[in-house]
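Let us take a walk through a protein structure together, one part after another. Please keep the sequence and the 3D view open as you read.

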Amino acid sequence: MIETRGVSKRYGDTLVVDDVSLSIPKGGFTSIIGPNGAGKSTLLSMISRLTPMNAGSVVVDGMDVTRTPGNVLARRLSILRQDNQTSLRLSVRDLVAFGRFPHSGGRLTAEDLRHVDEAMEYLQLHEYRDRPIDELSGGQRQRAYVAMVMCQDTDYVLLDEPLNNIDMRFAVDMMQLLRRAADEKGKTVVVVLHDINFASCYSDHIIAMRRGRPVYQGAPEQIIRDEVLRDLYEMDIRVHEVNGQRICVYFRMG
Amino acid sequence: MVLTLWRQPAVRVLLLAIAAVLCVLGFMTINVQTDWAFILQHRGSRLLALLLAASAIGLSTVLFQTITHSRLLTPALMGFDVLFVLVNTLVLLIFGGAELAGWPSSLRVGLQMLLMVGLALLLFRLLFSGSVRSLHLMILLGMLAGMLFRELSELGARVLDPSEFGISSGVRQASFSRVNTELLAVSAVALTLGGLLLLRWRRYLDVLSLGRDIAVNLGVAHGRVVLGIMAVVAIMVSVATVLVGPTLFFGLLIANLAYWITGTQRHRWTLPASVLAGIICLVGGQVLLEQLLASTLPLALVIELAGGLLFIALLLRGVRQ
């Protein structure tokens, strides 16, 4: 379980994350949604100790993230942010293999190689295996980075906007894959998402944030509702049930 | 077959090593007419100084570029070489030349290096704490820092009396032909020490080049490791400046040659390649200019010109991207 206790982050005069105390259950797929500037990404990066917090603490399975040694935490929790290095002269396979660094410290064992191959398989990267990542398209590169965190094989996998820069087909593939990681491997997947329809169709649990605070939490049926979304995004959103999935329509109103 | 071999970084580094050995052999043997024993000793100590300087500059530049995630920023461009010149003048000012003349030179240089590591870490934290985001602003700040340190050490030098000035002026101009062979031993020891420190962090280097966030995700104690590597960079910059004086673009030139030749960002290849490229430029360049062309053109000038052109090319390419 991930627990945040009174976590705050301030940039200058603005409070980006405001005294957030919440818990994310172990197992399953949790999405964090909300309008721009709600503090979703900042919260995720404080949970994963990438950004220092001004107040509060974060505990993952009993470990305080700011006090636990980095390499211990790196075997339990992985994080992928949006903007990653794009100009590296490094093959896809070498990048994916870095995911094993917390386990083997740079010297790959047979076990590590198995994880690398499995992650490449999982993200359909085999044909790009030896391609340098600076020659890949945005979507291919994104998949290579996701393969790296999958290969890290942690109980908790945190992703900030993993669907950015990738087309519909790969977006669906990516969500299926993350869903499978939760279902088949028992991983806890926490994702910041902009597309509320993806959040609606794939999540077990949704956290909705606005102005630095979580304002709604619950199962998709409780969050993906006209009145909740209207309040959250301050716009007219209609939820329709299509083939058993709750789909939000907001593109053209009136 | 030949093509796949050629693609291997190991093969490319091996070819570089062969070229470097040829340069060294040329340096030691071409145009030896008279007393072999004398020439070997004279050229030998100069050669050693050049080898040490090439290693120090190559390693420190590649390491610095790894921790700053840039192929453009180098310790020299950010003013670290001139910072050592300033430290040198400061130590003379504070302790006085007469006092220091009694000290063994290794003790003086050791003290300077210690001071250099402290100041370099301070400057590094000031510049790279994340408040400066623009690369161009960073380069500008580095140049300004360099100018400031240069002016300050000029000022210091004017306060010194002429004999003390003599001690300090040796390290103020880059020169690859008049190298400081007197401090070879202390430089070699410092470089070895830096190398040993580096061994501790060698596994982290490739991970660091993936960027801070990914390095932290993979469990690297980022802040501590980066400062440690910066300390190694400071030691190596000191060694290079003691031996050949402050350079400006030489590091940029050999680091980028190393990336280009090896075609990878793996430090196990780029670090040795940068050292070998440095040896080829310094020792080979010396042979070419002095022995084969019998030119009086200073090698430092030629190398800085080439490095300066590369800097402009990289800057323009960066602007277009």
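Predicted model: local features only at pLDDT ≥ 70, side-chain atom pairs only at ≥ 80, totals over all residues.

Residues are numbered from 1 along each chain as its sequence is written, chains are lettered from A and ligands numbered from 1 in the order in which they are written, and side-chain values use heavy atoms, with hydrogens and water left out.

Let us begin with chain A. It is divided into domain 1 (1-76 + 154-225) and domain 2 (88-153), with bounds that come from an automatic or database domain assignment. The C-alpha centres of these two domains of chain A lie 23 Å apart. Their contact (heavy atoms within 4.5 Å) takes 21 residues from domain 1 of chain A and 15 residues from domain 2 of chain A. Between them, an area of about 1,500 Å² is buried, and carbon and sulfur atoms give 62% of it; buried area is the accessible area (1.4 Å probe) that two parts lose on being put together, summed over both. Two salt bridges cross this interface, where a salt bridge is a side-chain nitrogen of Lys or Arg within 4 Å of a carboxyl oxygen of Asp or Glu. Helix H7 (residues 168-185) of chain A provides ten residues, the largest share of the side of domain 1 that touches domain 2. Helices (H or I, at least four residues) and strands (E, at least two) are DSSP runs, numbered from the N terminus.

Now look inside. In soluble globular proteins, nonpolar side chains tend to be buried together. A nonpolar core is a set of buried Ala, Val, Leu, Ile, Met, Phe, Trp, Tyr and Cys residues joined through side-chain atoms within 4.5 Å; buried means under 20% relative accessible area, exposed over 50%, and partly exposed in between (1.4 Å probe, protein chains only). The largest such core has 153 residues, and among those with the most contacts inside it are A:Ile33, A:Leu178 and B:Phe80. Helix H11 (residues 222-244) of chain B gives the most to this core, with 16 residues. Domain 1 and domain 2 of chain A both give residues to this core, so it lies between them. Which residues does A:Leu178 contact, leaving aside neighbours within four places in sequence? They are A:Phe29, A:Met150, A:Leu159, A:Pro162, A:Val189 and A:Val191. A second, separate core of 28 residues includes A:Leu22, A:Ile24, A:Val65 and A:Ile79.

In helix H1 (residues 40-47) of chain A, seven of the eight residues are buried, and the helix is followed by A:Arg49, whose phi is positive, near 55°. A:Thr4 is found in strand E1 (residues 2-11) of chain A, and A:Thr4 counts as buried at 3% relative accessibility. A polar atom of the A:Thr4 side chain lies 2.9 Å from the backbone oxygen of A:Val20.

Next comes the meeting of the two chains. Chain A brings 27 residues to the contact and chain B brings 21 residues. About 1,900 Å² is buried between chain A and chain B, of which carbon and sulfur atoms give 56%. A:Arg89, A:Phe98 and A:Phe101 supply 31% of the area that chain A buries against chain B, more than any other three residues. The count of salt bridges between chain A and chain B is two. The side chains of B:Asp213 and A:Arg81 meet in a salt bridge, at 2.9 Å from N to O.

Finally, follow the charges. Side chains of opposite charge can pair when their charged atoms come close. Over all chains, a search of the whole structure finds 26 salt bridges. In one of them, A:Glu118 and A:Arg114 meet at 3.5 Å, N to O. Being four residues apart in helix H5 (residues 110-122) of chain A, A:Glu118 and A:Arg114 are separated by about one helical turn. B:Asp206 and B:Arg266 also form a salt bridge, at 3.8 Å from N to O. B:Asp206 lies in helix H9 (residues 184-208) of chain B and B:Arg266 in the loop between helix H12 (250-262) and helix H13 (267-292) of chain B, so the pair ties together parts that are 60 residues apart in sequence.

Terms used: Polar contact = N/O pair within 3.5 Å; in protein donor to acceptor, adjacent residues only side chain to side chain.
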